[in-house]
Structures are given as C-alpha cells and as structure tokens.
Number of protein chains: 2
Amino acid sequence: MKVVFIGAGNVASHLSVALSQKGFDVVQVFSRTEFSAKSLAEKVEANYTTDIVQLDRSADIYIYSVSDRVLPELVPLVNAPDALHLHTSGSLSMDVFKGYAVHYGVFYPLQTFSKNRAVDFSSIPLFLEGNNQLTENRIKDIALKLSDSIYFADSEKRRKLHLSAVFACNFVNHMYELGAELVADTGFPLEVLFPLIEETAWKIKELSPYDAQTGPAVRNDRNVIDRHLAMLEHKRKLAAMYELICGDIYAVHKK
Amino acid sequence: MKVVFIGAGNVASHLSVALSQKGFDVVQVFSRTEFSAKSLAEKVEANYTTDIVQLDRSADIYIYSVSDRVLPELVPLVNAPDALHLHTSGSLSMDVFKGYAVHYGVFYPLQTFSKNRAVDFSSIPLFLEGNNQLTENRIKDIALKLSDSIYFADSEKRRKLHLSAVFACNFVNHMYELGAELVADTGFPLEVLFPLIEETAWKIKELSPYDAQTGPAVRNDRNVIDRHLAMLEHKRKLAAMYELICGDIYAVHKK
C-alpha cells in the first residue's frame with residue numbers, strides 16, 4: 001500500500017516511520033518546509049516535494065498531519081479522489097474531505113510526539129472515524145497493524161478527547177515547566193522533582209485523580225496558599241493562575 | 001532510638017512505617033483524631049494518645065507531621081526540651097521550635113503520600129535543615145537510613161521546593177482530574193489517557209519541559225484554542241483557567 005504524507009511535523013514523522021516499519025510503502029512526503037520534508041523523506045526512504053502540484057497522485061492512502069488552519073486549504077489541491085484520505089487532527093471534523101474524496105476519515109493517535117524521542121505505537125490509543133462502514137473497516141485494518149488499542153469516535157467525542165489531552169499532557173507539561181523554574185531558583189537539579197512526578201503519574205493507575213489529590217489546595221489551607229500567592233506575585237500572571245487552579249481543586253473536592 | 005509521632009496523616013503514616021522498618025522504635029502516635037492515631041499506632045506497634053498531656057516525654061525524637069496551622073500551637077505543649085524535634089512541612093520555618101528545644105530541624109520529603117499506596121523511601125529526595133552542625137549531622141544520619149537522596153535546604157529554598165511540588169504534583173494531578181472528567185463525558189475508559197500521561201512524565205527525563213511542550217498553546221493556534229474555550233464555557237471557571245495556562249505557555253515559548 002502506497003502512502004503519501006501531507007505534512008512533516010512530529011505526528012507525521014512518528015506515524016510515517018511506524019507505518020514504514022509495518023510494511024507500508026511511504027512513497028512521498030509533502031511539506032512547504034523543505035528541510036522538514038527532506039529530513040522525513042530520508043528517514044522513510046521516500047521522495048519529497050514542497051510543491052503541491054508535484055504531489056504523487058498514484059498512492060492508495062493520503063495522510064494529512066498539518067495544522068487545523070492549513071488542512072482545509074490543502075485538501076482541494078491534493079486531487080486524488082479514489083484514494084483513502086485520513087487526517088490525524090484531534091479537533092477537525094472528518095467532513096473537511098467531503099466533496100473531494102469518496103473514502104475518507106480520521107486517524108487520531110492520543111499521544112504526544114516530540115522530535116528525537118522514539119515512541120512505541122503498539123500501546124497508543126488510536127481513535128478512528130470513517131465516512132462509511134467499508135472505509136471504517138479499511139482504517140481499522142491499518143490501525144490494527146500499529147496498535148492494540150483501537151476505538152471508533154465521532155468528531156464530537158474526538159474533540160473532547162483532544163481537549164482532555166491538552167489538560168493531561170500540554171498543561172501537565174507546563175506545570176512541570178513552572179515547577180522546574182522554581183527548582184532552578186533553588187540551585188538544586190531538576191532531578192529532585194522526578195520521583196514526585198513519577199509517583200503522581202503512576203498513582204492514578206491505582207487511585208482516581210480525585211482520590212489521589214493531596215496538598216494545600218484540597219485542604220483549602222489558606223496559610224500556605226497565601227504564602228504561595230505572595231511568592232508568585234511578580235511572576236507573569238502566575239498568581240492568578242495559581243488561585244484559579246486552587247479554587248477549582250477545592251470546588252471539586254468540597255462537593 | 002525512640003520516636004514519637006505528632007500527627008497521623010499521610011506523611012506521618014508513611015514516614016513512621018519507613019522508620020520502623022529501619023529499626024527505629026516508634027513508641028507513640030499522637031493525633032486528635034482517635035481513629036487515625038489508633039490505625040497508625042497499630043501499624044507500627046506503638047501506643048497512641050489523643051491527649052497531648054499523655055504524650056510520652058522520654059523519646060529521643062519527636063516528628064511533627066501536622067498542618068502548618070496546628071504545628072505552632074502544638075510545639076509549646078510537647079515539653080521534651082532535650083530531644084530532637086523535627087517537622088516535615090515544606091513551608092514552615094524551622095524557627096517554630098525556637099525556645100522550646102535545643103536540637104531541632106526539618107525533615108521534608110519531596111513526595112506525595114496517599115493512603116493505601118506504598119512508596120519506596122529510598123528514592124525520595126529528603127531536604128534537611130538543622131539548627132546547628134551537630135543537629136544537622138544527627139538529622140543526616142537518620143535520613144541516610146531511609147534514602148540515597150539527601151540535601152540540605154534552608155527555609156527559603158524549601159518553600160520554593162514546596163511550591164514547585166504544588167505545580168508538579170497537586171496541579172498536575174488536577175489536570176489529570178480535568179482530563180478524566182472530559183474522558184468520562186465520551187464514555188471511553190480513563191485508561192485511554194494512561195499512555196499519554198506516562199509519556200508526558202517520562203519525556204521530561206530526556207527533554208526539558210520546555211523542549212517537550214506540544215499542542216495548540218505553544219503554537220498559539222487560535223482556531224483550536226477558541227473551540228476549546230467554547231467547550232469549557234459553562235464549566236465552573238475552567239475557560240478562564242484554560243486561557244491563563246495557554247497564555248503562559250505561549251509567553252514562555254515566544255521569548
């Protein structure tokens with residue numbers, strides 16, 4: 001099965017490598033950024049183009065991993081109506097392909113992908129959607145080659161999953177960032193936070209996040225909270241953010 | 001070495017069990033809540049009291065794991081001036097003991113402790129402080145029996161570490177909670193978030209939190225952000241919280 005990738009960012013890079021390892025023939029990578037297109041093309045032994053006119057129209061599958069803003073502009077330019085068209089976006093509707101393809105759908109991996117960090121696709125939950133039963137079966141067959149964790153989700157559910165991933169990953173990572181800024185202030189190495197970070201992540205496999213909560217916010221310990229707010233006073237809008245998160249922890253727990 | 005625990009909450013429970021396993025003789029647990037005092041006392045084969053007047057004054061070490069509000073009220077009532085007095089608070093000064101003891105200090109484990117969840121003390125960073133060199137040596141000897149990760153930190157550094165732990169643990173856990181609420185709305189099991197949560201936590205051992213960041217906020221992708229804000233509109237103050245966290249991610253990354 002010949003695959004063309006539209007986009008060469010983090011998701012495209014990891015997904016194309018994973019598909020390539022499973023025997024899919026990634027024939028071409030398109031990206032408007034030549035460096036990205038070329039780097040990824042080399043990894044998967046494909047050719048590449050930065051010009052949508054030069055796109056290989058003979059592939060079986062087109063996978064779009066570009067920003068939600070760019071995707072609707074690119075779809076009409078691809079012009080390979082008989083192939084299977086899939087995007088990997090958490091928040092865009094499948095209907096972005098409507099009128100431009102017969103078989104289309106969504107292939108959304110619920111995971112965070114960074115450059116220079118390998119991921120094991122076999123445990124990544126894949127949320128699939130297809131425009132009809134036949135298409136869904138085809139998408140499922142592709143997904144099962146990569147992962148043991150396959151689900152079908154319509155666009156509304158997928159949007160909720162995407163938002164939940166923003167909280168559980170992007171915002172979590174930013175809380176790590178803020179913790180790291182404070183640790184840097186003390187002169188201790190960032191590593192002093194690792195056991196805490198690990199335990200916090202592992203704990204919720206046994207306890208629910210609700211039962212796992214500890215610290216001053218859940219007790220509404222104003223002594224500690226007010227001292228923390230004073231420490232954050234001149235740091236961007238962190239005091240306001242701290243107050244809102246504390247308030248929400250208490251709102252959830254006092255119920 | 002005879003140890004008395006003042007407090008029977010999560011920190012006291014885990015620390016007393018760990019010390020007991022390392023050969024310390026936990027002789028008594030004090031808590032105003034009889035159920036907590038009794039439960040912990042049974043675990044470490046100690047006696048217990050809910051009446052500070054009945055406190056065993058013959059111990060070598062008194063460890064205070066109570067809320068920051070209660071600790072200053074209890075210190076004057078303990079009345080064992082020749083023993084070593086330690087509290088486990090991240091934010092209270094060591095000086096809370098001044099005038100009531102000759103040897104005193106702080107024994108702050110940078111970890112989250114929950115009921116019904118065992119932790120391995122050997123990897124927990126312990127931040128120590130003592131009122132003189134002799135006392136610091138004694139505290140260090142105790143700490144080294146429990147953990148390989150020992151640091152000395154004054155009260156100001158410890159307060160920063162405590163605040164960093166609020167971000168990296170309590171607030172992280174709340175982001176898990178918010179993610180879990182959204183996943184529950186979709187009908188999928190919470191487990192679909194586990195690979196993402198694990199990868200997010202593991203990733204920062206290799207990449208810094210700064211380099212690990214992904215998602216709409218770091219790209220300031222207003223399409224996605226505005227859709228997410230609309231989804232959160234009627235949920236407590238979550239839209240305001242989302243906006244502040246997104247804004248801070250972008251503020252840190254656009255620099």
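Is E181(B) buried or exposed? E181(B) counts as buried, at 18% relative accessibility, where buried means under 20% relative accessible area, exposed over 50%, and partly exposed in between (1.4 Å probe, protein chains only).

Before we look around, a word on the ground rules. This is a predicted model, in which local features need pLDDT of at least 70 and side-chain atom pairs count only at pLDDT 80 or more, while totals for chains, interfaces and linings use all residues. Residues are numbered from 1 along each chain as its sequence is written, chains are lettered from A in the order in which they are written, and side-chain values use heavy atoms, leaving out hydrogens and water.

**Where the chains meet**

Chain A brings 95 residues to the contact and chain B brings 96 residues; contact here means heavy atoms within 4.5 Å. Together the two chains bury about 9,200 Å², and 69% of that is on carbon and sulfur atoms. Buried area is the accessible area (1.4 Å probe) that two parts lose on being put together, summed over both.

Between chain A and chain B there are 9 salt bridges, each a side-chain nitrogen of Lys or Arg within 4 Å of a carboxyl oxygen of Asp or Glu. On the side of chain A that touches chain B, the elements giving two or more residues include α5 (155-186), α6 (194-203) and α9 (238-254) of chain A. Of these, α5(A) supplies the largest share, 28 residues. Helices (H or I, at least four residues) and strands (E, at least two) are DSSP runs, numbered from the N terminus.

**Some salt bridges**

| Pair | Closest N to O |
|---|---|
| K205(B) and E198(A) | 2.1 Å |
| K205(A) and E198(B) | 2.2 Å |

R236(B) sits in the loop between α8 (222-232) and α9 (238-254) of chain B and E181(B) in helix α5 of chain B, so their pair ties together parts that are 55 residues apart in sequence. R236(B) is partly exposed, at 34% relative accessibility. As for the other pair within chain B, both R158(B) and E129(B) are buried. Elsewhere, a network of salt bridges links E181(A), K235(A), R236(A) and D248(B).

**A pair of strands**

Strand β2 (residues 25-30) of chain A has 5 of its 6 residues buried, so the rest of the structure largely encloses this strand. Strand β1 (residues 2-6) of chain A runs parallel to β2(A), joined by 5 bridges; two strands pair if DSSP finds at least two bridges between them. Opposite I6(A) stands F30(A) in β2(A).
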